[in-house]
Amino acid sequence: MAEAAAGRGRRAGARLREGAPLLPFFAYLVIFLVIPTVAVLVGSVYLDGSFSFGRIHELFSSTALAALWKSVLLSASTAVVGAVLGAVLAWLVASSPPTSVLRRMMLSLCSVLAQFGGVALAFAFVATVGSTGVLTLWVAHLGVDLAGSGWLYTLTGLVLVYTYFQIPLMVIVFLPALEGLKAQWREAAVSLGATGWQYWRQVAVPLLTPAFLGSMLLLFANAFAAYATAAALVSIGSPIVPLLIRQALTSEVVLGQSGFAYALALEMIVVVAVVMVAYTLLVRRTSRWLR
Amino acid sequence: MSQRPTERTPSDRSRPGVSVELTDLTRTYGQVNALDGLTLRLEPGELVALLGPSGCGKTTALRILAGLDEATSGTVAVDGQDLTSVPANKRDMGMVFQAYSLFPHLTVLDNVAFGLKLRGDDRTNRHLRAAEMLELVGLSEHSEKYASQLSGGQQQRVALARALAIRPRVLLLDEPLSALDAKVRVQLREEIRRVQLEVGTTTLFVTHDQEEALAVADRVGVMSHGRLEQIAAPAELYAHPATPFVAEFVGLNNKVPAVVSAGKAEVLGVQVPTLVGSVEDAGLAMVRPESLSVRADSEGTASITSVAFLGPISRVHCTLADQTPVIAQLTSSQARDLAPGQRVSLEVEPAPVLVVPAATMGA
Ligand SMILES: Nc1ncnc2c1ncn2[C@@H]1O[C@H](COP(=O)(O)OP(=O)(O)OP(=O)(O)O)[C@@H](O)[C@H]1O
Ligand SMILES: [Mg+2]
């Protein structure tokens with residue numbers, strides 16, 4: 001008994017020593033992830049000395065639900081479109097020779113564009129296809145109204161603008177999976193009698209699916225949490241969740257609105273957590289055959 | 001009326017091996033001549049090992065035969081039928097690669113059944129056949145595992161089962177053992193040979209390991225710079241190398257100064273017959289370590305530099321009077337009393353030797 005306890009103690013000690021180099025990382029996690037999450041959690045049910053589920057309840061108001069629905073729709077549609085187009089682009093990159101100039105250019109471009117969000121991107125679109133954008137004015141001569149009824153400033157516009165950084169992000173996160181396809185798998189399949197299509201259908205697609213879905217979830221989370229691009233583009237009207245948080249934070253009209261911001265933040269954390277759980281399940285399903 | 005059981009119908013896919021002919025194959029990659037007029041014939045049911053140093057074109061030859069690469073010129077025929085324009089997936093060739101190539105998302109059983117599924121065999125039949133193949137390679141109890149749960153040797157055995165499951169016309173093995181450690185390598189090469197004899201499939205086995213080639217093959221083809229130098233049964237190749245390259249590449253060789261006259265070479269004072277292709281005057285005789293014997297002799301002109309004990313045999317490194325280094329291979333009991341620094345005399349057994357010009361071997 002005592003020996004077992006001592007053994008446990010030694011093991012715990014060893015584990016502590018192994019974990020020591022990770023301490024700064026854990027500290028970082030606590031300061032920038034755990035504390036804010038707890039603060040959000042507490043803030044959404046407990047504010048100014050009173051405890052209530054009122055703010056949580058408010059999440060189910062029509063404004064909040066509409067914002068959530070828009071956020072999910074925006075994130076999901078740009079994740080799907082970005083994932084599909086990005087995967088095709090990644091495949092083109094992967095099948096070009098590693099030394100080709102085009103490939104290197106594409107990769108650098110993607111690295112830049114994947115980070116090219118926020119005000120700059122929004123401005124770029126406004127300046128091009130906004131109501132007084134260069135392209136809009138230019139094609140106006142031809143009798144085409146590019147800016148339409150201000151679509152750029154609605155959900156449709158957000159989908160287009162978000163897709164602009166989702167596609168390059170997909171290229172970057174999906175390319176390693178494509179490059180992980182071994183040449184021998186194709187050659188083995190072919191020598192066993194597979195056509196090109198059969199190889200894709202029975203080998204490549206099943207092998208790439210987990211990475212594809214995983215990347216898509218990442219894209220979803222990326223779009224769901226994006227704020228600046230939408231903030232710069234959509235000034236007022238029916239907002240997505242991050243914009244609703246801003247609205248709640250700055251609003252002084254309704255009493256207790258800052259507590260509502262906490263509740264909305266909690267909602268976002270929950271959605272992202274659900275996405276991460278889905279991602280984990282996906283990875284676990286395939287860990288048997290992917291080391 | 002009644003068919004004799006030995007007659008085989010065309011639909012019988014388990015027919016014994018077919019012949020394979022590579023004729024005058026060339027393959028150039030830019031400036032490199034990977035194949036430079038390779039001609040090679042495999043008899044039905046035969047296992048031919050293609051042996052040669054790295055970069056001599058072995059893989060290229062095998063890939064062209066499989067249809068995975070195209071020859072710049074030359075033809076490939078199997079069973080007398082020209083395959084040059086037949087795509088790889090219609091050639092019916094089983095392949096085992098050097099790198100592990102099992103499909104990681106399929107179980108061992110489904111890997112082996114993969115080719116049968118493509119051929120439209122129903123589930124029951126293909127699983128029966130796959131199980132039969134797994135039994136042949138001794139992995140029945142692993143059929144539900146994934147490749148990542150198997151050792152390297154097991155993965156290559158599954159790859160062999162997968163290649164054989166489709167009853168291929170030809171089996172192609174590209175250094176299937178080179179990623180494995182020495183002990184598994186020896187076990188597995190014997191297993192490959194056993195399985196090959198059992199199924200009777202004509203097989204091309206590419207390797208750069210001469211011991212491996214000599215151990216498994218009916219005939220060994222030695223390649224150099226995209227050409228075939230010699231093809232012969234292992235013992236024949238060993239005893240009668242046709243070119244200096246073959247003599248040097250197959251087996252450890254000593255180059256001992258020799259004088260040739262009237263078809264006999266004088267090597268270390270002994271008259272030895274010469275092989276076809278030998279020079280007619282002075283040159284270097286290619287003498288195998290096991291053809292040399294070493295005797296302690298205080299009057300001897302050679303001396304021992306070191307003795308390497310290798311279990312049942314020992315290698316005795318000596319220097320001749322003219323400083324030529326030679327290696328003699330003795331049984332360890334013969335070598336027991338020999339020690340470095342000792343003066344000895346060397347003797348050559350009168351087996352035929354190849355005598356090459358001193359210049360080509362760079363002495
Ligand atoms: N795809 C290719 N592109 C350019 N050169 C190639 C290509 N494949 C092979 N070569 C060249 O052709 C020559 C023969 O290559 P090959 O792979 O057939 O050699 P090998 O005998 O199999 O060698 P190893 O024992 O190293 O596998 C080499 O010089 C190699 O560099
Ligand atoms: Mg090779």
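Reader: Where in chain B is the place of L268(B)?

Author: This is a predicted model, and in it L268(B) sits in the loop between β12 (264-267) and β13 (270-273) of chain B.

Reader: Why is L268(B) called partly exposed?

Author: The relative accessible area of L268(B) is 29%, and since buried means under 20% and exposed over 50%, with partly exposed in between, the value of 29% puts L268(B) in the partly exposed class.

Reader: What is said about phi of L268(B)?

Author: Phi of L268(B) is near 50 degrees, which is a positive value in a residue other than glycine. Most residues other than glycine have a negative phi. H225(B) is a further case, with phi near 50 degrees and again a positive value in a residue that is not glycine.

Reader: What makes N254(B) a buried residue?

Author: N254(B), which is found in strand β11 (residues 254-261) of chain B, has a relative accessible area of 4%, and because buried means under 20%, that value makes N254(B) buried. Leaving aside neighbours within four places in sequence, N254(B) is in contact with several residues, among them A285(B), M286(B), L292(B), P325(B) and I327(B).

Reader: How do you know that the side chain of N254(B) makes a polar contact with the backbone nitrogen of I327(B)?

Author: A polar atom of that side chain lies 2.7 Å from the backbone nitrogen of I327(B), and because a polar contact is a pair of N or O atoms within 3.5 Å, the distance of 2.7 Å meets the cut-off.

Reader: Turning to chain A, why is Q166(A) called buried?

Author: Q166(A) has its place in helix α8 (residues 155-179) of chain A, and its relative accessible area is 0%, so with buried meaning under 20%, Q166(A) counts as buried. Not counting residues up to four places away in sequence, Q166(A) touches T78(A), A79(A), G82(A), L219(A), N222(A) and A223(A). The side chain of Q166(A) also reaches the backbone oxygen of L219(A) at 3.0 Å.

Reader: What makes R284(A) exposed?

Author: R284(A), in helix α13 (residues 257-286) of chain A, has a relative accessibility of 57%, and because exposed means over 50%, R284(A) belongs to the exposed class. From C-alpha to C-alpha, R284(A) and P210(A) are 10.0 Å apart in space, although 74 residues separate them in sequence.

Reader: How does the radius of gyration of chain A stand against that of a compact globule of 291 residues?

Author: A compact globule of 291 residues would have a radius of gyration near 19 Å, whereas chain A has 24 Å, and the C-alpha trace of chain A spans about 65 × 65 × 30 Å along its principal axes. The secondary structure of chain A comes to 13 helices and two strands, and 36% of its 291 residues count as buried.

Technical notes:
Residues numbered from 1 in each chain as written. Chains lettered and ligands numbered in written order. Predicted model: local features only at pLDDT ≥ 70, side-chain atom pairs only at ≥ 80, totals over all residues. Heavy atoms only, no water. Helix = DSSP H or I, 4+ residues; strand = E, 2+ residues; numbered from the N terminus. Rg over C-alpha atoms; globule rule 2.2 N^0.38 Å. Buried < 20%, exposed > 50% of the residue type's maximum accessible area, 1.4 Å probe, protein only. Polar contact = N/O pair within 3.5 Å; in protein donor to acceptor, adjacent residues only side chain to side chain. Contact = heavy atoms within 4.5 Å.
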